[in-house]
Amino acid sequence: MVESRHRAAVAIVDNDGKVVQAWGDVDRPVYGRSAIKPLQALPLIETGAADRYAVSVAETALACASHSGEPRHVQLVSAWLARIGCSMADLECGSHLPHHEPSVEALMRAGRQPDATYNNCSGKHTGFLTTARHLGEPTKGYIRYEHPVQQRILGTLEQMTGLRLGDAPRGIDGCGIPVIGIPLGNMAMAMARLADPADLPPARAAAAARILAAMAAEPFLVAGTGRFCTKVMDVVGKKVAMKTGAEGVYAAALPTLGLGVAIKVDDGTGRAAEVVMGRVLQHLKLLTADEARVLADTLTPPVRNRVGLETGRVTIAADSPF
């Protein structure tokens, strides 16, 4: 029998804001959480900060990442911080254990506690610090809504979503930065503008292309070992740039179709958002038969008990509209 059910809303939109397809309520505001990190990374490129500090392709991918705290993630963040004259102490994202279990075990064996570089958002925050350094802004308090770093991002989100967001619902994300309530359809439009930036100003179009290229080149850095984002982008390449967010949010830019996708699962369940995103990609015929076979256990993941026995699957409901 079906043990649990999750309800999701999905918006598929082009860069003009035309809703190509939608299911559920795509007009109510939702917090984009980490799913909109590629949008938040635009000022890092546009301001010239990335060029001044020689931000690499790998570091650009990390600026968009919710990484797993594996050694390569942490080492890259630490080296990037040092290059801009900052340290772990300048990160205001807090710390947590890695999402990657072997990395947790390695820390335990070494008798160490994770610092802020292990935070899944540390790449994004290092990008914020890089921009502040470049523009001569204070690094302290860069996570506050009033800080120029966050105001610049707010302006970028307004331009990409086509909305005035000064009076939008506002909260605080897990890493301390402001989160803004944006309708799912507008979030999808912003991702479509990343995917097809032809109508954007040249500097922003170039920044969008650079971000998507970095995510395609370094999918491991966007998430990590065994993660849905990484596994799908590893297989499909430049066809999809996707990003997970907390509380059942997912977003994707689809450059070959010029479309953006935004998903919100009402109960905040990440496993449901991944399965819905996988079905959207299949619905849009972005996966070849061979790619779908390779990703079979990613698109409909098995549920296993503690002895490794497959006891079920997470799948799209039989009465799903797509």
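Start with Val 30, whose bridge partner in E5 is Ile 182. Helices (H or I, at least four residues) and strands (E, at least two) are DSSP runs, numbered from the N terminus. Helix H9, residues 184–195, packs on this sheet and touches E3 and E5; contact here means heavy atoms within 4.5 Å. The direction of H9 makes about 100° with that of E5. Axes are lines fitted to C-alpha atoms, for helices over the stretch in contact, and angles run from 0 to 180 degrees between N-to-C directions.

Before going on, the basis. This is a predicted model, in which local features need pLDDT of at least 70, side-chain atom pairs count only at pLDDT 80 or more, and totals for chains, interfaces and linings use all residues. Residues are numbered from 1 along each chain as its sequence is written, and side-chain values use heavy atoms, with hydrogens and water left out.

Back to the sheet. E3 and strand E5, residues 178–183, pair in the antiparallel sense over three bridges; two strands pair if DSSP finds at least two bridges between them. The sheet is open, with three strands in the order E3-E5-E4 and antiparallel pairing. Its edge strands, each pairing on one side only, are E3 (29–31) and E4 (170–172). From one strand to the next, the twist averages 35°.

Now the other sheet. It is open and has five strands, ordered E2-E1-E8-E7-E6, with antiparallel pairing. E2 (19–23) and E6 (241–245) are the edge strands. Direction ignored, neighbouring strands of this sheet are turned by 10° against each other on average. Within it, E1 (residues 8–14) and E8 (residues 259–265) form an antiparallel pair over seven bridges, and Ala 11 stands opposite Ala 262 in E8.

Two helices pack on this sheet. H12, residues 228–236, touches E6 and E7 (249–254), and its direction makes about 175° with that of E6. H13, residues 270–283, touches E1, E2, E6, E7 and E8, and its direction makes about 150° with that of E8.

Last, the helix pair. How are H5 and H7 oriented to each other? H5 (residues 71–83) and H7 (residues 122–135) pack at an angle of about 10°, with axes 10 Å apart. They are therefore roughly parallel, a term used for angles under 35 degrees. From H5, Val 77, Trp 80 and Leu 81 meet residues of H7 including Ser 122, Gly 123 and Leu 129.

How values were computed. Parallel < 35°, antiparallel > 145°, perpendicular 65-115°, else oblique.
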